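Reader: Hello! Could you take me on a close look at the central sheet of this protein and what packs against it? I would enjoy one connected answer.

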Amino acid sequence: MAAAGEQPCCPSGGREEPCCPSGSPSEPFSPSALGTREHWDAAYGRELQAFQDTGDAGEIWFGEESMARVIRWLGKQKVPLDSSVLDIGTGNGVLLVELAKSGYTNLTGIDYCPSAIQLSEKVRDKEGLSNIKLKVEDFLAPSAELSGFEICIDKGTFDAISLNPDNAVGKRKQYLRSLCSVLKPEGFFLITSCNWTKEELLNEFREGFEILEELPTPKFCFGGRTGNSVTALVFQRKKGRQSILDKLD
């Protein structure tokens with residue numbers, strides 16, 4: 001759910017703590033329009049018009065390196081090219097385009113903004129990549145057919161959900177339920193965030209997931225302290241889908 005210049009937190013700003021005032025993962029972040037559907041509907045309407053006018057797909061969420069980081073990890077793990085991949089909050093769909101160019105063939109992107117899916121379809125078609133499936137879907141209320149994925153990728157969507165003015169804590173819990181529903185047991189979940197630290201994400205996804213790896217991200221130094229501007233983690237879904245979902249209810 002990214003649009004040019006309108007991100008939950010500026011990835012290049014460099015932070016060690018969460019971007020929003022609340023530093024406790026049990027409390028909601030300060031509400032923001034960036035967490036609302038209305039904001040993204042309007043933002044992607046502008047992005048779609050810009051693409052139609054100039055052919056520019058818009059800003060890449062967290063930059064090109066964030067995509068390369070994901071693709072490198074998949075290659076390092078020798079993930080089969082026909083593995084089913086879901087891009088959660090696909091936005092302009094550029095990540096899926098890069099995955100397709102890297103040889104991956106079973107790609108799906110969802111976004112709750114119809115204008116985002118229209119934009120990603122145009123970007124896909126411009127590249128001649130008809131094997132990328134794109135759907136208007138709200139990840140917090142996934143359809144029955146959205147299931148059985150071996151890999152789920154999130155670059156900023158969980159961040160945006162965390163800023164929702166209407167019960168963000170409940171929506172974060174629903175996000176976890178949805179993730180457990182769509183991702184196969186032992187499937188991989190790759191998340192990039194600029195609002196959450198590693199420790200906070202470990203806490204958020206402690207039910208049903210185990211950490212596999214922290215991916216290297218840009219570092220900053222301020223006042224003698226060193227930190228990361230973004231956090232990128234790889235989780236693996238634990239076995240026992242129903243027992244995990246029971247714990248979340």
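Author: A word on confidence comes first: pLDDT is the predictor's confidence in each residue, from 0 to 100. In this predicted model, the protein averages a pLDDT of 84, and 81% of the residues score at least 70. Residues 1–26 need some care, as pLDDT stays under 50 over them.

Here are the ground rules. Residues are numbered from 1 along each chain as its sequence is written, and side-chain values use heavy atoms, with hydrogens and water left out. As this is a predicted model, local features need pLDDT of at least 70 and side-chain atom pairs count only at pLDDT 80 or more, while totals for chains, interfaces and linings use all residues.

Now to the sheet. An open sheet is formed by 7 strands in the order E3-E2-E1-E4-E5-E9-E6, with mixed pairing. Two strands pair if DSSP finds at least two bridges between them. At the edges are E3 and strand E6 (209–214), each pairing on one side only. From one strand to the next, the twist averages 20 degrees.

With strand E4 (residues 149–155), E5 pairs in the parallel sense over 6 bridges, and Phe 149 stands opposite Leu 183. With strand E9 (residues 231–237), E5 pairs in the antiparallel sense, also over 6 bridges; there, Ser 193 has Thr 231 as its bridge partner. E9 in turn runs antiparallel to E6, joined by 5 bridges, with Phe 209 partnered by Arg 237. E5 is mostly covered, as 8 of its 11 residues are buried (under 20% relative accessible area with a 1.4 Å probe, protein chains only; exposed is over 50%, and partly exposed lies in between).

What packs on this sheet? Helix H3 does, touching strand E1 (84–88), strand E2 (106–111), E3 and E4. The direction of H3 makes about 175 degrees with that of E2, where axes are lines fitted to C-alpha atoms, for helices over the stretch in contact, and angles run from 0 to 180 degrees between N-to-C directions. Helix H6 (residues 168–182) lies across E1, E4, E5, E6 and E9, at about 135 degrees to E5.

Strand E2 holds Thr 108, which counts as buried because its relative accessibility is 2%. Beyond its neighbours within four places in sequence, Thr 108 is in contact (heavy atoms within 4.5 Å) with Val 85, Leu 86, Asp 87, Leu 96, Lys 133 and Phe 149. Leu 107 likewise touches residues including Val 85, Leu 96, Leu 99 and Ile 132.

Leu 107 also belongs to the largest nonpolar core, which has 41 residues; Trp 40, Leu 74 and Ile 151 are among those with the most contacts inside it. Such a core is a set of buried Ala, Val, Leu, Ile, Met, Phe, Trp, Tyr and Cys residues joined through side-chain atoms within 4.5 Å. Elements giving two or more residues to this core include H3, E3, E4, E5 and E9, and H3 gives the most, with 6 residues. Apart from this core lies another, of 24 residues, among them Phe 158, Leu 176, Leu 201 and Phe 235.

Technical notes:
Helices (H or I, at least four residues) and strands (E, at least two) are DSSP runs, numbered from the N terminus.
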